[in-house]
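Biologist: Could you show me the structure, please? I would like to go through it with you.

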Amino acid sequence: SVACQRDHRSQHKEECKKRVAELRDDLLFAQPESSHLGDCPICFLPLPLDASKRAFMTCCSKEICDGCWYANMIRELSESLK
C-alpha cells in the first residue's frame with residue numbers, strides 16, 4: 001500500500017529498483033504479437049521486419065523465418081546422408 005511504501009521506503013528501495021528494471025526489460029525486449037508481414041506459417045512467430053532474417057520459399061510462395069529455414073536445411077541435409 002501507499003502508506004507502507006512511504007513508511008518503509010528505505011527497506012523497499014532496492015526491491016523497487018529491481019522491479020522497475022524488470023518491467024523496463026519486459027517492455028523493451030518483448031516480442032510483438034504480430035507485424036504487418038504476418039506470422040511464420042511454420043512456427044507462428046511474427047516475421048521479422050528485417051528482410052535478411054526471413055526466406056521466401058518458391059515452392060509455396062510463402063515467407064518463413066530464418067529459424068524455420070535453418071531447421072529445414074538441417075533436416076534436408078540429415079535425410080540426404082541416410
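Predicted model: local features only at pLDDT ≥ 70, side-chain atom pairs only at ≥ 80, totals over all residues.

Biologist: How many helices and strands does the chain have?

Modeller: The chain has three helices and two strands, where helices (H or I, at least four residues) and strands (E, at least two) are DSSP runs numbered from the N terminus. Along the sequence the pattern is α-α-β-β-α. The chain is more spread out than a compact globule, because its radius of gyration is 22 Å, well over the 12 Å that the globule rule gives for 82 residues. That radius is taken over C-alpha atoms, and the rule is 2.2 Å times the number of residues to the power 0.38.

Biologist: What does the C-alpha trace span along its principal axes?

Modeller: The trace spans about 70 × 35 × 20 Å.

Biologist: And what share of the residues count as buried?

Modeller: Of the 82 residues, 15% count as buried. Buried means under 20% relative accessible area, exposed over 50%, and partly exposed in between, with a 1.4 Å probe and protein chains only.

Biologist: Changing topic, how many salt bridges are there in the whole structure?

Modeller: A search finds four salt bridges, each being a side-chain nitrogen of Lys or Arg within 4 Å of a carboxyl oxygen of Asp or Glu. One of them joins R19 and E22, with the closest N and O atoms 3.1 Å apart. Both residues lie in helix α2 (residues 9-29), three residues apart, about one turn of the helix.

Biologist: Which side chain meets R54 in a salt bridge?

Modeller: The partner of R54 is E63, at 3.3 Å from N to O. R54 counts as buried, at 15% relative accessibility, whereas E63 is partly exposed at 30%.

Biologist: Where do R75 and E79 lie?

Modeller: They lie in helix α3 (residues 66-81), four residues apart, and are separated by about one helical turn. Salt bridges that share partners join R75, E76 and E79 into one network. Between R75 and E79 the N to O distance is 3.2 Å. R75 is partly exposed at 38% relative accessibility, and E79 is partly exposed at 48%.

Terms used:
Residues numbered from 1 in each chain as written. Heavy atoms only, no water.
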